[in-house]
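Here are some quick notes on the aromatic contacts, for you to check against the coordinates.

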Amino acid sequence: MTGRLASSDPNLQNIPIRTIEGRRIRSAFIAPPGHHILSADYSQIELRIMAHLSDDSRLLEAFAEGEDVHRATAAEVFGLTPVEVSNEQRRAAKAINFGLIYGMSAFGLARQIGVDRTAAAAYMDRYFARYPGVARYMEATRAIARDKGYVETVFGRRLWLPEIKSSNSGRRQGAERAAINAPMQGTAADLIKRAMLAVQGWLDSEKLQTLLVLQVHDELVLEVPETELEAVREALPGLMGGVATLKVPLLVEVGVGANWDAAH
């Protein structure tokens, strides 16, 4: 529904990056002699899209200032300065930030960060009190989805939600969660496709031997000759960051290595 690309036989889109097995698989993607693997990844793209869509002033400010948005969120939720935030508090804020995108409940958050449901609900209440634009966006998006039967990406691509008026409460609630998530995942999918076109267009115009070999979610993977490495590494953040103008900057992180795992 969101428009993300998928692959099968093999499924390259879902190779884990945080497990030992996943990293071993990624390390098998090896650059040929005289070449490097380069990974260019949009940083926290769905949270940036949330800031753009919700127009929340605090969230926009955090990204505009280049802050660690999870630390900034923790400071807001726990009433601290950023330097006072502990690793555990940052972890809880990160779970809230990403959990809200996927419609996580207080029960789900409690299970993820190891607190009771009452504490998790209190964290979420404080989050919405500090980021009222996010709360307004989520409620408005649910209402639009119920009224129209679809939501849209930033670029106007419609994402249909056939279960939004279902008499089955589980299906209806699932569609309401999807209504929040779909514009962010859908916009991220639109952005990476635009990035693929921009990068390939630049490679063609410069007559480079670099190959765009893989797209995985918010990441492009390239095989780059040693002689072109500096030029490609310097060009990609601007090319990918310039495919759209949002209310927050599009940050692209670039890594280089002898294999795909080493490029992260």
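**Notes on the aromatic rings**

1. Start with Arg-26: its charge sits over the face of Trp-260, 4.1 Å from the ring centre. "Over" here requires NZ of Lys or CZ of Arg within 6 Å of the ring centre and within 35 degrees of the ring normal. Arg-194 lies over the face of Phe-155 too, at 3.9 Å from the ring centre.

2. Before going on, a caveat: this is a predicted model, where local features need pLDDT of at least 70, side-chain atom pairs count only at pLDDT 80 or more, and totals for chains, interfaces and linings use all residues. Numbering runs from 1 along each chain as its sequence is written, and side-chain values use heavy atoms, with hydrogens and water left out.

3. There are five aromatic pairs in the structure. One of them is Phe-29 with Trp-260, edge-to-face at 5.1 Å centre to centre and 75° between the planes. (Rings of Phe, Tyr and Trp, the last by its six-membered ring, pair if their centres lie within 6.5 Å; planes under 30 degrees apart are stacked, over 60 edge-to-face, the rest tilted.)

4. The cut-offs are under 20% relative accessible area for buried, over 50% for exposed and partly exposed in between (1.4 Å probe, protein chains only).

5. Tyr-127 and Phe-128 are edge-to-face, because their planes are at 90°, with the centres 5.6 Å apart. Tyr-127 is buried at 3%; Phe-128 is partly exposed at 23%. Together with Tyr-131 they form one aromatic cluster.
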